[in-house]
Amino acid sequence: MLAPMAGYTDAPTRVFAKRYGCGITVTEMVSAQSLVQANWQAKELLTTFEQGPVAVQLFGHNPDHFAKCAQMDCLQKFDVIDVNMGCPVRKIVSNGDGSALMGNVKLASEIVTALKNNTDKVVSVKMRLGQKSKNAVDFAKAMEQAGADYLTVHGRTATQMYSGVSDKEMVLTVAKAVAIPVFANGDVKTVDDFNFYTQNGCHGVAIGRGALGRPYVFAQIDGKDFQFDLQSIMEEHLQQLTKITKENVAVNEMKKHVAFYMKGVYCGKQLVIDAMTAKTKEEMLCYIQKWFKDHGTYCIGRT
Ligand SMILES: Cc1cc2nc3c(=O)[nH]c(=O)nc-3n(C[C@H](O)[C@H](O)[C@H](O)COP(=O)(O)O)c2cc1C
């Protein structure tokens, strides 16, 4: 699975992940309340080009909003409705959303039940090990009891945010405590990480940062042949972004992606710096093309 990352797992990123063999992709988190209020920016996040299975991730704290969302036309193209119960960001948690739900098991259960009562779709929960203390085992059991079909478990507490090391053993303990499938998440980057989890009771893994700029990680895990041409993937990413949002927004979004695509590439920093100054799609394309003209093609793969 490609783990959801707000501001990063846009529609093109998800298409590339699928192209290299990713199973489930998940949209960036979308506010259940905004969807109910027909907010167009929230709806833009629902743009999908990839073929299923695709999950839409909702955040919120009002079971009625989730129930209404489950019945909305714009959600019917998705295979899974995933509930964000892991986001540690202050403005989300202070509303009682995201990881705050791990401190309110009753409300979290009501949200899952509200979804299950209003859709035949698969319902999943993305959670952490807890807020401050690690209540993941009891919480996971409660989500299973409420009707969740699978769980994605990030091996950190909300207080840890993204620092420290993901607690692999605790993720396995959660997986063993429930009968529903568990996808392990947190610091998964290699075939060894994948094997560790899947050989010890997890159904699969969700890869976040490890897939940014390197969608081929899914092919590496599958042991499949692949070809990855950095220039063409960046150009395609930019073209796709300009199809789904305004040009200036697409160009700004692309700057973040260029930084990930060029990470670890010899002399790649120059393109990252140039891209930061781009104001139009044409300028961004020129910088990309110039870099590859100066430095040669950059292809990796396994055949
Ligand atoms: C920039 C960023 C945005 C994120 N946005 C979301 C999100 O919208 N929903 C969510 O459930 N998790 C979100 N996460 C958490 C990731 O899905 C994942 O749980 C976390 O990064 C740990 O996995 P990793 O080590 O593979 O990156 C985000 C993480 C990052 C770094």
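Modeller: Of the contacts in the protein chain with a separation of 6 or more, 67% are between residues 24 or more positions apart, a contact meaning heavy atoms within 4.5 Å. The model is predicted, so local features need pLDDT of at least 70 and side-chain atom pairs count only at pLDDT 80 or more, while totals for chains, interfaces and linings use all residues. Residues are numbered from 1 along each chain as its sequence is written, and side-chain values use heavy atoms, with hydrogens and water left out.

The protein chain contains 14 helices and ten strands, taken as DSSP runs (H or I, at least four residues, for helices; E, at least two, for strands) and numbered from the N terminus. Its radius of gyration is 19 Å, close to the 19 Å given by the globule rule for 303 residues, so the chain is as compact as a globular protein of that length. That radius is taken over C-alpha atoms, and the rule is 2.2 Å times the number of residues to the power 0.38. Along the principal axes, the C-alpha atoms fill a box of roughly 60 × 45 × 30 Å. Of the 303 residues, 53% are buried; buried means under 20% relative accessible area, exposed over 50%, and partly exposed in between (1.4 Å probe, protein chains only).

As to the part in question, the count comes to zero disulfides, a disulfide being a pair of cysteine sulfur atoms within 2.5 Å.

Gly 52 and Pro 53 are joined by a cis peptide bond, with omega about -5°, and Pro 53 lies in the loop between α3 (40-44) and β3 (54-59). Ala 38, which is not a glycine, has a positive phi of about 60°; Ala 38 is in the loop between α2 (32-36) and α3. Asp 187 also has a positive phi, near 65°. Asp 187 sits in the loop between β7 (182-185) and α9 (191-198) and counts as partly exposed, at 26% relative accessibility.
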